[in-house]
Amino acid sequence: MSSNKIVEVRNLHKVYPSGTHALKGVSLDVYKGEFLVVIGLSGSGKTTLLKCINRLEEPTAGSVKFLGKDITHIKGKELREVRTHIGMVFQQFNLIKRMSVLNNVLAGKLGYMKTLPSILGNFPPQCIEEALKNLDIVGIKEYAYERADKLSGGQQQRVAIARSLMQSPKLLLADEPVASLDPATSNSIMQYFEKVNKELGVTVVCNLHFLSLVRRYATRVIALKSGEIVFEGYPNEIDEKWFKKIYGEEAEEVEIR
Amino acid sequence: MLDPELELHPKEKILRKKRNQEKIDLVKAILLDSFFVFYTILVCQRAIYYKVILDLRELPFSWNEISVFAIISLAVGFIWGYSRTSLGAKIMGLAKETKFAKWSSEIFAWTLFNLTFIAGWLVTKISIIDLFSKEGIEGANRIFYALFTPEFGIFDDALFAIIETIYLALIATLLSIPPTLILSFFTARNLMKDNWFTLSIYYVLRIILNFVRSIEPLIWAIIFSVWVGIGPYAGMIALLVHTIAANAKLYSEAIESIEEGPVDAITATGANKLQIIWYAVVPQIVLPFLSFTIYRWDINVRMATVIGLVGGGGIGTMLMQYQGLAQWHEVGLIVIMIAIVVWIMDYISAKIREAIY
């Protein structure tokens, strides 16, 4: 059975230097090919969980396995090699504003390249071809030579998706990818994630806020509440009762504080 | 397996931290109070008692006296600070909410300010009489008249000297760019905080740069005029050294204030440190760097005129020569030319900086 797991997280804790206990013993499995959505209020630990999987944050305790290999404490070259297989898309898109769209997409290939040619911008022609192909997948090939900050929010997020596709990722982490977009754009961005998941076979782990999007796109759902998993199941199982448990009670607690 | 810190409730941990912090703050408050009291005693004795009341020319000095004052101050500071009614306690945010604490700290603060002002007045020997005496006014008239009737006979010499100054400032600024760039990456905390080795490089470089920067270019010019001889070369090196130290700080602050998002994004692609810096950091700092550098050229032109006064070459050296000979008409021409050049440089650098943003 273990061969169909792409990520195994066990008893994961994260305490920030400020004393915030963001994750309190989270254990979960991500299966190959699924579209796993993580829901929960802001501050419930969703972002921290994703960042612990590709080690942008160091877990305080517990373990993370990627494709059966323990990556909790790996460093240097080994860590960079693992990261090349894990794409990530962020809420704020995090593009290099002053660079062209094409160069932003090419940056996704950095982990595969030698330092000197990458700094000189000497990307091989097949890389550029691949970048244009990926831009075509997200439907913005015609903007390849525009400056990244000239694009709208939705377009920038599509560039970010194309950038992560350059890594030929086995896993795509998406940290609230539509939280800064309007509802119509949100839906179209989610469709690109669905396309990446279904047509390219990339496993997706996505943090989301809107339950309507969760019901439409997720194949499985996990809910976090103040650093602990409170729900694990399928989108159609989130009824009124669960909704209240995940969002309602927490809201009351927040008011008390 | 679990970190022992995790067993403890976070709230308790924060509380423990707070208590420790309060202890450290109390010690700081007591030391501050002791210093304030010590300062008050010294100013009262030396500036007010000796100078005003006794009107002494030579002030007596004895270590015994000073140590007695220091012990008294420490005692007063301890009692006052520990009771949390003092100015030090107020500054550290530990003061009690009582009326006495409020009054004692406020009155003491005013006393300190007024004492300092009075002592400062006495030390600078402020005299209204000197400013408006008859000979004084005549001297001022003479020099202002000369300054406003410049002697144009030395115009071509002065022009050559001021061009020398501009080039000197330009070369100092241009040569400063490569070392400043390299240093700024090593003095940016967000790039160096990852392990103790890079962090110690960061601290050592910061200390050296702070030291170099705290020495004014004028003093560097004196040092280098002894080292390489009087002239524009000494002035250029002096400006270069100070520019590197000053701009490395500005550059590194620009690096520290970049958006972290792109750094995260490029790190997540599996890029190495150099690639992260080149792709996520450098594009964010190119404009501020350019802007700082152009502004610094402007500053350096102004400084170069001053540096000339101590033998750094250019228009400043010429100014000093005519001033030494009391040829005020020539000085007038030089001052006017400096003013015009500085004004033009200021205007050009502002325009360029506007254009690149």
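## A helix pair in chain B

In this predicted model, helix H10 (residues 196-214) of chain B packs against helix H12 (residues 232-256) of chain B at an angle of about 135°, and their axes lie 8 Å apart. Angles over 145 degrees would count as roughly antiparallel, and 65 to 115 as roughly perpendicular; H10(B) and H12(B) are therefore oblique to each other. The crossing of H10(B) past H12(B) is left-handed.

Which residues make this contact? On the H10(B) side they are B:Tyr202, B:Arg206, B:Leu209, B:Val212 and B:Arg213. H12(B) contributes B:Val241, B:His242, B:Ala245, B:Ala246, B:Ala248, B:Lys249, B:Ser252 and B:Glu256.

## A sheet in chain A

Over in chain A, six strands form an open sheet in the order S6-S7-S8-S3-S9-S10, and their pairing is mixed. At the edges stand strand S6 (86-89) and strand S10 (228-233) of chain A; each has a single partner strand, so one side of each is left without a neighbour in the sheet. On average, neighbouring strands of this sheet are turned by 15° against each other, direction ignored.

## One strand pair up close

Within chain A, strand S3 (residues 35-39) and strand S8 (residues 203-207) pair in the parallel sense, over four bridges. Which residue is the bridge partner of A:Phe35 in S8(A)? That partner is A:Val204.

Methods: Residues numbered from 1 in each chain as written. Chains lettered and ligands numbered in written order. Predicted model: local features only at pLDDT ≥ 70, side-chain atom pairs only at ≥ 80, totals over all residues. Heavy atoms only, no water. Axes fitted to C-alpha atoms, helices over the stretch in contact; angles between N-to-C directions. Helix = DSSP H or I, 4+ residues; strand = E, 2+ residues; numbered from the N terminus. Parallel < 35°, antiparallel > 145°, perpendicular 65-115°, else oblique. Left-handed = near helix turned anticlockwise from the far one by under 90°. Contact = heavy atoms within 4.5 Å. Pairing = 2+ DSSP bridges.
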